[in-house]
Amino acid sequence: MSDSTPAPVRRLSPPTRTLLTARWLWLASLALGLIAGFFIFIYRADQIDRLQQTITELDATRAAETVDALSLLVFWGALGILALVLVLEAIMLSVMLRGHGGARWALLFLLVLNAGAVLLADAVLLPPEGNGPYLWLLLIAQFVLAGAGFVCSLLPGSSGWFRAQHGHSGRMR
């Protein structure tokens, strides 16, 4: 109790250029995803109407309340999945940038989920005409940037930085 030496605090070395590139690619991806989500939210009335028509075409015997509830569930569920994937990617990006290289594998898993969320959004959330193609391009660009960010996080400059944060020399013994 008399030792006044502070506890050791691990300090991160500055990220490499490759890792900074990965960070900016991921951040640009997240920004595009948020922009797409915002516009999907703005155009929700048209999409919910389209979903109601589709559900009615599939089964015209359904009650109007059921069609309304089902279309809202499909719309908000798909938008929620897209938003959840983006939030989880942001969290894992933060973990990765704190020196935890293992977070890259969680980001790979989230990138696969991102692909599914983009496909789901294309099927459910995007209108086939009007602003739909622009929103689709935003979501595709978002996915491509996330993929490029993931690839940059695997390059030798990034991998060496992660090893250095944990005191590994990088050589096999």
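Predicted model: local features only at pLDDT ≥ 70, side-chain atom pairs only at ≥ 80, totals over all residues.
Student: How is the packing of two helices to be described?

Tutor: Two packed helices are described by the angle between their axes and by the distance between those axes. In this model, helix H1 (residues 17-42) and helix H5 (residues 132-154) have axes that come within 8 Å and cross at roughly 160°.

Student: What orientation do H1 and H5 have to each other?

Tutor: Angles over 145 degrees count as roughly antiparallel, and H1 and H5 are therefore roughly antiparallel to each other. Their crossing is left-handed. The residues of the contact of H1 with H5 comprise 18 nonpolar, seven polar and no charged.

Student: How should I read a nonpolar core?

Tutor: In soluble globular proteins, nonpolar side chains tend to be buried together. Here the largest nonpolar core has 17 residues, of which Ile40, Phe75, Leu125 and Leu139 touch the most other members. At least two residues of this core come from each of H1, helix H2 (44-58), helix H3 (64-97), helix H4 (103-124) and H5.

Student: Which helix supplies the largest share of this core?

Tutor: H3 does, with five residues.

Student: Which side chains meet in a salt bridge?

Tutor: The rule requires a side-chain nitrogen of Lys or Arg within 4 Å of a carboxyl oxygen of Asp or Glu. By this rule the count is one salt bridge. The side chains of Asp59 and Arg62 form a salt bridge, at 3.7 Å from N to O.

Definitions and conventions. Residues numbered from 1 in each chain as written. Heavy atoms only, no water. Axes fitted to C-alpha atoms, helices over the stretch in contact; angles between N-to-C directions. Helix = DSSP H or I, 4+ residues; strand = E, 2+ residues; numbered from the N terminus. Parallel < 35°, antiparallel > 145°, perpendicular 65-115°, else oblique. Left-handed = near helix turned anticlockwise from the far one by under 90°. Nonpolar A, V, L, I, M, F, W, Y, C, P; charged D, E, K, R; others polar. Core = buried A, V, L, I, M, F, W, Y, C linked by side-chain atoms within 4.5 Å. Buried < 20%, exposed > 50% of the residue type's maximum accessible area, 1.4 Å probe, protein only.
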